[in-house]
Structures are given as structure tokens and as C-alpha cells.
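Hi there,

Here is the structure I promised to pass on to you. Have a look at it first, and then read my notes below.

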Amino acid sequence: MAIAWEQDRYRDLLLVRLIGELDMQTAESVRQMLQEELAKGTVKSLVLNLERLQFMDSSGLGVILGRYKTLQALGGKLLICGANPTVRRLLELSGVFKVSAVFETEDEALQSMGVMTREK
Amino acid sequence: MKSNFMSISFAAVPENVSFARVVVAAFVSQVDPTMQELTDLQTVVSEAVTNAIVHGYDNNPDGVVTITAKLIGQAVELTVEDRGVGIENLEKAREPLYTTKPDKEHTGMGFTIMENFVNDIQIETALGKGTKIRFVKYLQANEAMYN
């Protein structure tokens, strides 16, 4: 099982839905994709939807924490939604929950940033 | 008490991290674990195999990782073993957030995660000889099976 993603853009907010498994084999492609988007300098908020992420380990945590640091340097914000119970435990253990806003659903995450979900 | 075991060895390459997770999950499935228990075991396998590849063998694909899994009643005993460089300072390595490779976005969370997802963990390591990690996880007895 590899990794795939979907992207949506709402002005300066980038929404990325990760699909599949995020481990040492797949982490690099996700890191590159996110880093390229953030390097454009037009993203102020990054929403990671983990609803369809079936597996993640500390390699995935490294990708998320690394992008948090990039966003922090840009004055941006990290939001996470849809994490399953195991992924939640990993995010809690590693302190990601302390530095990001966490939501159950994508709609809740988007609404917290003032995005109406039918707007693009 | 029923028991069973399996053992596999494979090349220390990233493609085999997910392979190792699938193999262990398939083997343990015969005792009807919960989804949560299976995911916990897959997570520790993933962490231990990743450590073997990245740290034990420093990404040298000639390295070999060996996994054994034993089922003893409702307990699962897993070992993940490499013949790599070994861990210089095990106490440090087990500290949360400690990593010898911070530049590569390693979080230093591997051992912390492993400790949190199983009931018992034992680590044997020797410089130049390798590392063997033994995990024990007790599964909830699936009472429906005995009714």
C-alpha cells in the first residue's frame, strides 16, 4: 500500500487529504509535496485531513512536525482533522496536538478558519 | 494452551517495512485480535524495522532483518532483530525526542511509541553486533470464541 493525496485550496488555506499509509517508504513523497506547496509562500494555513490515512508511524510524525516548523517560520498555522484513535495517540505522544488545532471533521477545521465548504 | 510461531528474514529496505506489518498482522489474526490490537502491533513492528534499517544498518540494503512472532494463548511475543551497528547509548535512545539523526526529521519517538503500544519490551544491543527487541502484548480474550 502506498500513499496518495488530494488537495483543495481556499485562498491562503491549503487542504491536503492523505490516503493510504505514511511510513518511512512513503514519508519522503509527502514531505516533498507539502514542502513545495509551502515554499510558494502563499499558504497561511495547512489543514491535514487524516481520515483516510490507514496507518502512520514516527516517520509520519516527522513529516508533520517538520511542516509545522516550516509553517511556524512563515507565521502560518497547522490544523489536523479526522485522525483515527491510533494516529491520535501518536500525535498526543509526540506533542503534535500541543502545536496544532485538532478537529474531528474537515468541515469543523475549515469552519474554524472561516471557510464555508462550498466556497472555493 | 495453544501455541504457534513464525519467523521471517528480509532485506533492510524501506519497501519491507509495510511487508513486515502485513506479515505480522496476518499471523496474529488467527487468534482474533481487535483492530486496535492489530494496529498497535503493526505500529511497533513498523518502528522497530524502521530503526533497524535507518540506525542499525544506516540504510545499507545488504542488511538483514529477522522477525519472529509467537502466539502463546492470548499473548503475542514478537522479536525484531538486526545485525547492525548496535545502540551506543540505550538509555539516551529510549528518551522521548532523543535522536542521533535530527537533520533527517527523525522525531526520536520510536522507543516511546513502542513502549506505549505493548505490555513489555526488552532490548538487547551490542556495539558492532546488532540489536534485538522483544515485545510482549496480551490480547483480550475473545470470549465469543468459547461460547
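B:Ile72 has B:Ala75 in strand 3 of chain B as its bridge partner. Please keep in mind that this is a predicted model. The bridge belongs to the pairing of strand 2 (residues 64–72) of chain B with strand 3 (residues 75–82) of chain B, which is antiparallel and runs over eight bridges. The two strands form a hairpin, with two residues between them. If you look at the turn, you will find B:Gly73, whose phi is positive, at about 60°.

Strand 3 of chain B also pairs with strand 5 (residues 130–138) of chain B, again in the antiparallel sense and over eight bridges. In that pairing, B:Val80 has B:Ile133 in strand 5 of chain B as its bridge partner.

Now for the helices. Two packed helices are described by the angle between their axes and the distance between the axes. For helix 2 (residues 35–56) of chain B and helix 4 (residues 110–117) of chain B, the angle is about 150° and the axes are 9 Å apart. Angles over 145 degrees count as roughly antiparallel, so helix 2 of chain B is roughly antiparallel to helix 4 of chain B. Their crossing is left-handed.

Which residues meet there? From helix 2 of chain B they are B:Asp40, B:Thr43, B:Val44, B:Glu47, B:Ala48 and B:Asn51, and from helix 4 of chain B they are B:Gly110, B:Ile113, B:Met114 and B:Phe117. The residues of this contact divide into five nonpolar, three polar and two charged.

Enjoy exploring!

Best wishes

Notes. Residues are numbered from 1 along each chain as its sequence is written. Chains are lettered from A and ligands numbered from 1 in the order in which they are written. This is a predicted model: local features need pLDDT of at least 70, side-chain atom pairs count only at pLDDT 80 or more; totals for chains, interfaces and linings use all residues. Axes are lines fitted to C-alpha atoms, for helices over the stretch in contact, and angles run from 0 to 180 degrees between N-to-C directions. Helices (H or I, at least four residues) and strands (E, at least two) are DSSP runs, numbered from the N terminus. Angles under 35 degrees count as roughly parallel, over 145 as roughly antiparallel, 65 to 115 as roughly perpendicular and the rest as oblique. A crossing is left-handed if the near helix is turned anticlockwise from the far one by less than a right angle, and right-handed if clockwise. Two residues are in contact if their C-beta atoms, placed from the backbone, lie within 7 Å. Ala, Val, Leu, Ile, Met, Phe, Trp, Tyr, Cys and Pro count as nonpolar, Asp, Glu, Lys and Arg as charged, and the others, Gly among them, as polar. Two strands pair if DSSP finds at least two bridges between them.
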